[in-house]
Amino acid sequence: MEQQSRSLLYRFIFIAVLILLALWQLYPTYNGARLNKKQAQNFAKVQELANLDVKDIKTALLRKNLESVILNSLKDPSRASEARDLAKKIVALDDQISNNERKTIKRGLDLQGGTFLVYEMDFVNFLSNPNVARNPDRQLIDLLKAVDYQSKHENRDFFDVLPEKFEEKGIPLTRYFGKKGESDSKIISNLRSDSENAIDRALEVLRNRVDQFGVSEPSITKQGSRRIIVELAGILDPERAKGIIGKTAQLEFKLVREPDQTRSIVYKIDNIVKKRRQGLKDTSAVAIDTSVTSANQDTTQRTQKVRDEKEVNLDELFGKSPESVQETAGDTTLSVDKDLFEGNPFIALFAQIPNRRELAVPKQNMKAIDVILNYPEVQDVIPDDSEFLWSKDPERVGDKEYYFLYYVKKTPEITGDYIEDARVSVAGESAGRSRTRVGESEVLLSFNPRGAKDFARITGANVGKFLAIVLDNKVASAPQIRERIPNGQSSITGMRGVEEAKDLVVVLKAGALPARLEGIEERTVGPSLGQDSIQRGQWSGLIGAAIVFIFMIIYYRLSGVIADFAVVLNIGFVLAILAAFHATLTLPGIAGIILMVGMSVDANVLIYERIREELRSGKTIRAAIDIGYKRAFVTILDSNLTTLLTALVLYQFGTGPIQGFAVTLMIGLVANMFTAIFVTRFIFDFITTRFKVKELSI
């Protein structure tokens with residue numbers, strides 16, 4: 001008897017500890033619901049005070065300017081003090097919610113809405129990479145573009161079209177890929193394998209980026225051979241998420257060409273544009289002005305004067321605007337220097353900004369310059385070892401926004417592969433960095449020993465020159481090298497705020513994508529879909545559970561209450577485990593829980609029917625319970641194990657929602673075995689041991 005009491009005590013302690021742990025895990029979810037309810041009330045008060053909707057308030061919270069936004073939209077200016085207090089309360093509560101959310105059960109995209117993105121790997125970019133292709137050139141890029149177009153147009157696999165296109169052009173695949181003498185089938189097989197590996201690497205990079213961005217349990221899955229689907233549940237700022245995900249994060253350091261070289265190439269291009277405007281499209285007729293030096297001097301003198309701006313239509317530059325310009329340019333006018341335009345149409349597209357040496361371009365002229373730089377004859381005059389790159393962001397000077405065009409060496413001096421660390425800093429903490437004002441954000445980079453050695457050599461050999469820091473083929477900044485930098489430290493300036501600097505650090509630390517990803521679909525799942533699903537799921541779950549609970553109590557009386565308690569405990573354990581592992585609850589997950597509830601009830605029915613049989617055969621209550629549990633155990637184990645194996649298969653071969661269903665079901669089955677066999681048996685043992693039970697209520 002004493003041994004039985006000790007056994008009961010141990011089992012009670014074990015169950016109690018598990019229940020307390022489950023409650024501890026579930027408390028943040030309960031607390032989160034309470035805090036969100038309070039925040040919703042605060043939002044309602046704001047809407048009463050100001051002309052703002054919930055989306056405006058959330059955006060202001062994200063941008064950390066809620067107080068000023070509310071004050072600017074006040075309906076009654078005399079309530080400014082009340083608005084300030086409310087804004088502070090909302091910000092404080094938002095911090096609490098953010099801290100609490102890390103420990104709560106996350107809801108999936110289908111339950112709370114969010115952002116749905118589809119990316120496609122750019123095979124042209126991937127296969128024209130020097131790491132994949134041997135000596136890639138324009139011919140290869142044109143061929144790959146043709147393959148890409150045909151494969152999409154005819155809905156065929158890219159690598160099925162690739163050998164056909166090469167054969168059609170009479171170019172052997174070994175010209176760019178594989179080894180000499182290698183068969184086409186072997187080369188294609190290797191390229192296909194490389195592309196699959198690249199997609200897998202891209203998946204990992206995206207997961208790292210999104211994890212550091214702060215989205216818990218995002219769904220990032222592969223679709224087909226080149227697409228990646230990203231689901232970000234509850235994301236408030238999809239544009240920021242896209243900015244992080246879409247970056248290739250190829251960081252390179254490239255030397256900016258000398259001013260004389262830049263001027264020379266600009267005048268050569270200007271000559272080509274001038275000839276084109278005169279109708280001389282035959283490139284052989286384009287005579288490059290050899291008296292560049294003298295022309296430079298003349299035009300330099302002319303461009304030193306105050307720019308006399310004039311707006312011309314694109315047609316005046318191109319005759320007829322190219323389609324690429326017509327499609328993207330809402331405003332088809334260009335801002336040019338009035339006097340320069342007729343004589344130097346290309347140079348006229350640039351503007352002069354005091355104390356700046358770069359080629360400044362009014363924002364509205366960018367597309368025209370891109371078109372010109374892609375002229376075949378322009379491509380011919382640009383040396384193979386040089387290229388033009390745009391600045392990453394525009395800069396506002398006066399009332400206009402300007403981009404800067406850099407003429408740089410194509411081969412990078414050093415790449416971001418050697419970066420050891422990246423962190424955000426605020427300018428002013430580190431002295432000596434030009435063009436960064438106190439209070440502006442920057443990203444400080446540290447190279448590993450090998451990178452530091454190379455960086456010291458590069459900076460030492462190019463003192464006085466400008467070094468462009470290029471991120472994803474955009475110049476983030478181009479500081480002048482004032483001295484040799486031996487400690488492997490550099491920085492990227494020009495950040496528009498701390499958030500942008502943080503995002504860049506996330507991208508740099510997570511690593512570069514193996515190839516560019518193109519966003520081909522974006523959907524923001526509205527709250528209406530999530531709300532509808534939630535309501536239907538809640539009602540079906542509640543009604544189903546209520547019917548089952550009532551049936552169990554009517555049919556099995558007190559034993560039915562014990563079974564219902566086991567089912568509730570089972571659901572609590574499942575939710576606690578989901579919270580502990582920061583898993584995401586989706587609609588398929590709820591379906592898994594409902595199925596698990598059914599299996600839990602089924603297990604209790606099996607046990608109770610066995611006990612009834614034993615009681616009817618004349619066994620004592622104690623013996624009937626022992627035999628009932630013993631005989632039902634094999635059947636329960638068999639059914640749960642079979643379902644568990646099915647769930648494992650679903651998890652292994654399923655994706656997204658299927659995996660969510662499988663995970664919830666697996667957790668539920670394990671919890672079911674514990675509650676249906678261990679917990680209910682403890683309750684029966686406790687009742688029959690502690691009380692003189694003459695008849696079992698079953």
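This is a short tour of a predicted model, stop by stop.

**Whole chain**

Start with everything shown. The protein chain has 23 helices and 19 strands. Colour by burial next: of the 698 residues in the protein chain, 44% are buried. Among contacts with a separation of 6 or more, 71% join residues 24 or more positions apart.

**Stop 1**

Select Asn135. This residue sits in the loop between helix H6 (123–127) and H7. Check its backbone: phi is positive, about 50°, although Asn135 is not a glycine. For context, most residues other than glycine have a negative phi. Is Asn135 buried or exposed? Its relative accessible area is 59%, so Asn135 is exposed.

The crossing of H7 past H8 is right-handed.

Now show the side chains of the contact. On H7, select Leu140, Leu143, Leu144, Ala146, Val147, Asp148, Gln150 and Ser151. On H8, select Phe158, Val161, Leu162, Glu164, Lys165, Phe166 and Lys169. Colour this contact by residue class. Nine of its residues are nonpolar, two are polar and four are charged.

**Stop 2: H16**

Jump to helix H16, residues 366–373. How many of its eight residues are buried? Six are, and H16 is mostly covered. To find the buried residues, pick Met366, Ala368, Ile369, Val371, Ile372 and Leu373.

**Stop 3: along H20**

Select helix H20, residues 527–580. Several residues on this helix deserve a look.

Take Val548, which lies in H20. At 28% relative accessibility, Val548 is partly exposed.

Next, pick Phe551 and Tyr555. Both belong to H20, four residues apart, or about one turn of the helix. A pair of aromatic rings is described by the distance of the centres and the angle of the planes. How are the rings of Phe551 and Tyr555 arranged, stacked or edge-to-face? Their centres are 5.4 Å apart and their planes are at 10°, so the pair is stacked. Phe551 counts as partly exposed, at 47% relative accessibility. Tyr555 is also partly exposed, at 40%.

Ring pairs join Phe551 and Tyr555 to Tyr556, Tyr608, Tyr629 and Phe684 in a cluster.

Finish this stop at Arg557, also in H20. Its phi is near 55°, a positive value in a residue other than glycine. Arg557 has a relative accessible area of 43%, so Arg557 counts as partly exposed.

**Stop 4: H21 and H22**

Select helix H21 (residues 587–616) and helix H22 (residues 621–653). The two axes come within 8 Å and cross at roughly 145°. H21 passes H22 in a right-handed crossing. The contact of H21 with H22 divides into 13 nonpolar, five polar and three charged residues.

**Stop 5: Phe14 and Phe674**

The whole structure holds 24 aromatic pairs. One of them is Phe14 with Phe674, an edge-to-face pair. The centres lie 6.0 Å apart, with 80° between the planes.

Show the surface to compare the two residues. Phe14 has 43% relative accessibility and counts as partly exposed. Phe674 has 18%; because buried means under 20%, Phe674 counts as buried.

Notes. Residues numbered from 1 in each chain as written. Predicted model: local features only at pLDDT ≥ 70, side-chain atom pairs only at ≥ 80, totals over all residues. Heavy atoms only, no water. Left-handed = near helix turned anticlockwise from the far one by under 90°. Helix = DSSP H or I, 4+ residues; strand = E, 2+ residues; numbered from the N terminus. Contact = heavy atoms within 4.5 Å. Nonpolar A, V, L, I, M, F, W, Y, C, P; charged D, E, K, R; others polar. Phe/Tyr/Trp six-rings, centres within 6.5 Å; stacked < 30°, edge-to-face > 60°. Buried < 20%, exposed > 50% of the residue type's maximum accessible area, 1.4 Å probe, protein only. Axes fitted to C-alpha atoms, helices over the stretch in contact; angles between N-to-C directions.
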